[in-house]
Amino acid sequence: MSTLTDPPKAQFQLSMLVNDTRYRSLTFQAIAALVLALAIWYLGNNLIQNLRAAGLNISYGFLGDPSGYDINQRLIEYDSQSSHARAAVVGVLNTLLVAVLACITATIFGVIAGVLRLSNNWLVSKLMAVYVEIFRNIPVLIWIIIIFTIMTAVMPGPREFRGDNATSSMLFDLFAFTNRGVYIPMPWFESGFFASGAMNWLVIIAVLVGSFLVMRRVEANATKTQEKTGVRPNTKLIALGVWLVPLALVLVVMGLSWEVPELKGFNFKGGIKIGGPLIALWFALSIYTGAFIAENVRAGIQAINKGQTEAAAALGLRPGRIMNLVVLPQALRVIIPPLISNFLNITKNSSLAIAVGYADITATLGGITLNQTGRAIECVLLLMLFYLTASLLISMVMNVYNASVKLKER
């Protein structure tokens, strides 16, 4: 029931969609969405008409055809009679392999260089500054080619390991460093729980994850004890037992053995071969991106108030402990956001692998498969989907980690 003081209700008019601030933003958003939908429809319809006029159609049936080409570096079984789809999977795994390895080593290089650049030692800080300025200002493709050229020209060939008067020898009779790649012993299981080697490795990973969860619980209990008594229990022996004992038992039960590479014929056989293209791409991406990460680390450390360091030093902590326990944990909030971009750049820059013959997804699906089948649109769409998915997954994981280390206010 209305009263005499209630204002009259205004009737809705079309002019209110533009003039009334309650509806104006919704109106503009609806118009923008409509224009975008029309643009997408126009481009899609234009593509279909052009394909129809050329007698072409979008089809992914070619993925089931035999690929007809070999891939030297692969993580799964593959031969020239395998399908294009399997070749693409091999390329995806190769891309993920070099991306993960490069992200790990680039982070290590970047953290070390970033911390040492702030060292009080003039020579060390200047050397790190030279590293950063040289490697980040020269395109990564040039570093890939330089490292690959040095490796193929300087490293000895397999024939130099042959005979009594060999000019080269294996390191500890286990590792062979040649111009074709590095050969290392390969672990395998004589009596694994599963016939598949991949499943046996999943058991190892499950054991390590279980040890990690147990150690988190141990550290949490140690923290509670420290909060109550002021003294933190020593958990080093417990950590040693939690990590090593279950892993050692599983490896003994599964019968861990090693296949050592041997020179047979014109090349080494057995073991694991880490090809020269993989090493060149991995190392180049690591040192190049590590220079950018070093600057992120330096900025994160300098963002921490100097009083934090002085307070920690007043408590008697040594410089190394201050950096590990006080400065770096707080600096992570500044370091991680740009670090996400660095990881994304590593993943996308891995597409330069084709320059040294490394069979990543761009070289397989976007290279040989595309040229053999002529399905350019389908291959490019799949490439875009892969890199988009990989980038979004990296962003999601790193954002979750970033949220876990951010400052939590009471």
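Start with the aromatic pairs: this predicted model has 10 of them when ring centres within 6.5 Å are paired.

Select Tyr 131 and Phe 135. The two rings form a tilted pair, with 5.1 Å from centre to centre and 50° between the planes.

Together with Tyr 131 and Phe 135, Trp 143 makes up one aromatic cluster.

Clear that and select Tyr 183 and Phe 268. Their ring centres are 5.3 Å apart and their planes meet at 35°; planes under 30 degrees apart would count as stacked and over 60 as edge-to-face, so this pair is tilted. Tyr 183 belongs to strand E2 (residues 181-184) and Phe 268 to strand E6 (residues 267-269), so the pair ties together parts 85 residues apart in sequence. Both Tyr 183 and Phe 268 are buried.

The last stop is the second largest pocket, which holds about 540 Å³ of space. To centre the view, select Leu 118, Ile 301, Thr 309, Met 323 and Val 327, the closest to the pocket centre among its 17 lining residues. Then show helices H3 (84-116), H8 (276-302), H9 (306-314) and H10 (319-349), each of which supplies at least two lining residues. Which helix gives the most to this lining? H10 does, with five residues. Colour the lining of the second largest pocket by class to see 10 nonpolar, six polar and one charged residues.

Technical notes:
Residues are numbered from 1 along each chain as its sequence is written. This is a predicted model: local features need pLDDT of at least 70, side-chain atom pairs count only at pLDDT 80 or more; totals for chains, interfaces and linings use all residues. Side-chain values use heavy atoms; hydrogens and water are left out. Rings of Phe, Tyr and Trp (its six-membered ring) pair if their centres lie within 6.5 Å; planes under 30 degrees apart count as stacked, over 60 as edge-to-face and the rest as tilted. Helices (H or I, at least four residues) and strands (E, at least two) are DSSP runs, numbered from the N terminus. Buried means under 20% relative accessible area, exposed over 50%, partly exposed in between (1.4 Å probe, protein chains only). On a 1 Å grid over the protein atoms alone, a cavity is a set of points where a 1.4 Å probe fits but cannot get out, and a pocket is an open set with protein on both sides within 12 Å along at least five of seven lines; lining residues have an atom within 4 Å of a point. Grid points are joined across faces, edges and corners, and a volume is the space filled by probe spheres set on the points. Ala, Val, Leu, Ile, Met, Phe, Trp, Tyr, Cys and Pro count as nonpolar, Asp, Glu, Lys and Arg as charged, and the others, Gly among them, as polar.
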